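The sequence and coordinates are shown first, and the description follows.

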Amino acid sequence: FRHITRHSIALLLRTRKYDYDLVVIGGGSGGLACSKEAAQLGQKVAVLDYVEPSAKGTKWGLGGTCVNVGCIPKKLMHQAALLGTAVKDARKYGCQIPCPTTNQNIRKQHWKAVQNHVRSLNWGHRVQLKDKKVKYLNLKGSLLDEHTVRGMTKSGKEVGCFFITKIPGAMEHGITSDDIFWLKEAPGKTLVVGASYVALECAGFLTGIGQDTKVMVRSIALRGFDQQMAGLVTDHMQAYGTRFAWGCVPQRVDKLPSGALQVTWADTRTGKEETDSFDSVLWAVGRAPEAKALGLDKVGVEVNRETGKIVVGADESTSVSNIYAFGDIGEGRPELTPTAVKAGRLLARRLAGQSTQLMDYDNVATTVFTPLEYSCVGLSEEEAVGRHGQDAIEVYHAFYKPLEFTVAERDASQCYIKVVCERGGEQRILGLHYTGPNAGEVMQGFSLALRCGATLSHLKETVGIHPTCAEELTKVSITKRSGLDATVTGC
């Protein structure tokens, strides 16, 4: 849909005849990190950031996708949904608390509270830039030549690469993740089109705050992630109340006289056409880089024609010597805020001559904040088999029950751990996968171990913290190859 605001283009202007040592186009997480780091190292720096409104007219402040329409509001809405589940759990402990998801006023407060926090972050970023003596320009930047950046206050509306424009009624009547967090109230009965982590996270928190939610999946969920784990995530979501339409492709969206949106889709499994009505249709089919407006062709920056992303080297360099690209806009780079932040800071240090360290994109942990969270680091089982062969890997696994699920009588059949190892030698760990509570907190520490070359022996020799879910990773002993029951028993 719209452009990825987390990407950044950095221009190094080395001689005194230029106005700045470094100009950063893009005030997302990476761009802000790079500019502040460069300024601290004595560089004269400017940041240009301009937000094109979404197709629905939604706009926001400084900070990029993560702050405004991504990680931050998503996690807060996820937390609101978890609190609703916690209230239900509390009844099993004898606490009689009204369920907040049935109260429309409380749902409005969710949205307002999240939006107010995001606005506070927008202001905080502006203050930080001023304190670091970084010049912030609320302008849309483009390149006139290798050393000249043009800034515009307004331009014709551009909505990047919108993958669904050929579907009648999609843009006119639908919303995207650019809009969902800036609504004035809950969206009501919602169809989420797509099965990316963004789609599933949105569907999960909408279900959690009491919205009737359906996810339309063309093929598979969480493409690029371990597919066994993806299946556990969607199985739990279905048990949690989210409905799924598998193998379905939207055909058109019509607005009825009542104001409801009637969606027509084709079921590829049956060949039949089906319809249903919704209050909102959320398109979550992937972002595209808005690189065309940057003027890259004028200066000879190489772009991958298929993806629209900038071809970069290991040091974030482009085909033009003083122009660098990092974050989501870089071809082959993970679309994650922490990698953009770290890459931006390292680039600033190299440009200032303070370091030669390159960003290492291997073994970066991530978490999908669905109702049952999923975190991972390293290779999926499919990737491990593809690289090493089925006979050269060993998969240790366990189904476990979190202690907090016991009294609450929650189903734990999708709580699962998978450790993918080399089969021979020291059994170096290739990948770790976990579904369960607090997945991000669990995986962050284990990702450090993986970067240090952890083996299965290291993992099993580690003394767990009891009673926690994380300790189950240190106790794995059953292999998939054995065919034995991997269900954890006892405390």
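## Model confidence

Across the chain of this predicted model, pLDDT (the predictor's confidence in each residue, from 0 to 100) averages 92, and 94% of the residues score at least 70. Over residues 1-6, the model has 49 contacts beyond four places in sequence, a contact being heavy atoms within 4.5 Å. Over residues 156-162, where pLDDT also stays under 50, there are 21 such contacts.

The model is predicted, so local features need pLDDT of at least 70 and side-chain atom pairs count only at pLDDT 80 or more, while totals for chains, interfaces and linings use all residues. Residues are numbered from 1 along each chain as its sequence is written, and side-chain values use heavy atoms, with hydrogens and water left out.

## Packing of helices H3 and H4

Helices (DSSP runs of H or I, at least four residues) and strands (E, at least two) are numbered from the N terminus. Helix H3 (residues 71-92) packs against helix H4 (residues 104-131) at an angle of about 150 degrees, with the axes 10 Å apart. Axes are lines fitted to C-alpha atoms, for helices over the stretch in contact, and angles run from 0 to 180 degrees between N-to-C directions. H3 and H4 are therefore roughly antiparallel, a class that covers angles over 145 degrees, whereas under 35 is roughly parallel, 65 to 115 roughly perpendicular and the rest oblique.

On the H3 side, the contact is made by Ile-72, Pro-73, Leu-76, Met-77 and Ala-80; H4 contributes His-110, Trp-111, Val-114, His-117, Val-118 and Leu-121. By class, this contact has nine nonpolar, two polar and no charged residues. Here Ala, Val, Leu, Ile, Met, Phe, Trp, Tyr, Cys and Pro count as nonpolar, Asp, Glu, Lys and Arg as charged, and the others, Gly among them, as polar.

## Strand pairing

Strands S11, S12 and S13 form an open antiparallel sheet in the order S11-S12-S13, where pairing requires at least two DSSP bridges between two strands. S11 (248-255) and S13 (273-278) are the edge strands, each pairing on one side only. The twist averages 25 degrees from one strand to the next. Seven bridges link S11 to S12 (residues 261-267), and Asp-254 has Gln-262 of S12 as its bridge partner.

Elsewhere, strands S5 (residues 140-145) and S6 (residues 148-152) run antiparallel and are joined by five bridges. S5 and S6 form a hairpin with two residues between them. The bridge partner of Asp-145 is Thr-148 in S6.
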